[in-house]
Amino acid sequence: MFPGGQPDMAQLLKQAQQMQQQLVAAQEELARTEVIGTAGGGLVSATMTGDGELTALTIAPAAVDPEDLETLQDLVVAAVRDAKRAADELAAGAMGPLAGGLGGGPGGPLGLPGF
């Protein structure tokens, strides 16, 4: 049962709409924000948006050794992973408060168990 009786459905709907607007705004901000991951002391850098889109990859000439392409490939993978980690942290920071606002325990902000 709800504290104080029946929930105010209009208020619940208003709260849900506000949360949805905040979620959309956070997603748009993530899509505009860029993070950079690096490897090899900066020889390779990967730029990624906060929502995980790889937008640029930079390789310093010193990283290119035709006799050792495997190391360059490893550096590229490491830089992309570093950028992805940074993007995930950014997304968790931006979306975490909103996801927490959806509840997850009994009687969350909407007054509904699990919401």
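**Close-up views of a predicted model**

**View 1. Overall fold of the protein chain.** From the N terminus on, the elements follow the order α-β-β-β-α. The model is predicted. The protein chain holds two helices and three strands. It has 115 residues, and buried residues account for 24% of them.

**View 2. The largest nonpolar core.** This core has 13 residues. Those with the most contacts inside it are Val35, Val44, Met48, Leu72 and Ala79. Three elements, β1 (34-39), β2 (44-49) and α2, each give two or more residues to the core. Helix α2 supplies the largest share, seven residues. In soluble globular proteins, nonpolar side chains tend to be buried together.

**View 3. A negative surface patch.** Asp65, Glu67, Asp68, Glu70 and Asp74 form this patch. Glu70, one of its members, lies in helix α2, which spans residues 69-100. Its relative accessible area is 56%. The cut-off for exposed is over 50%, so Glu70 counts as exposed.

**View 4. Gln73 on helix α2.** Gln73 also has its place in helix α2. Is this residue buried, exposed or partly exposed? Gln73 is partly exposed, because its relative accessibility is 48% and that class lies between under 20% and over 50%. Gln73 and Ala63 are 10 residues apart in sequence. In space, their C-alpha atoms are 10.0 Å apart.

Notes. Residues are numbered from 1 along each chain as its sequence is written. This is a predicted model: local features need pLDDT of at least 70, side-chain atom pairs count only at pLDDT 80 or more; totals for chains, interfaces and linings use all residues. Side-chain values use heavy atoms; hydrogens and water are left out. Patches are made of residues with over 30% relative accessible area and no salt bridge: like charges are joined within 9 Å, nonpolar side chains (Val, Leu, Ile, Met, Phe, Trp, Tyr) within 5 Å. Accessible areas come from the Shrake-Rupley method with a 1.4 Å probe; for residues, only the protein chains shown count as cover. A salt bridge is a side-chain nitrogen of Lys or Arg within 4 Å of a carboxyl oxygen of Asp or Glu. Lys and Arg count as positive and Asp and Glu as negative; His and the chain ends are not counted. The place of a charge is taken as NZ of Lys, CZ of Arg, CG of Asp or CD of Glu. Helices (H or I, at least four residues) and strands (E, at least two) are DSSP runs, numbered from the N terminus. Buried means under 20% relative accessible area, exposed over 50%, partly exposed in between (1.4 Å probe, protein chains only). A nonpolar core is a set of buried Ala, Val, Leu, Ile, Met, Phe, Trp, Tyr and Cys residues joined through side-chain atoms within 4.5 Å.
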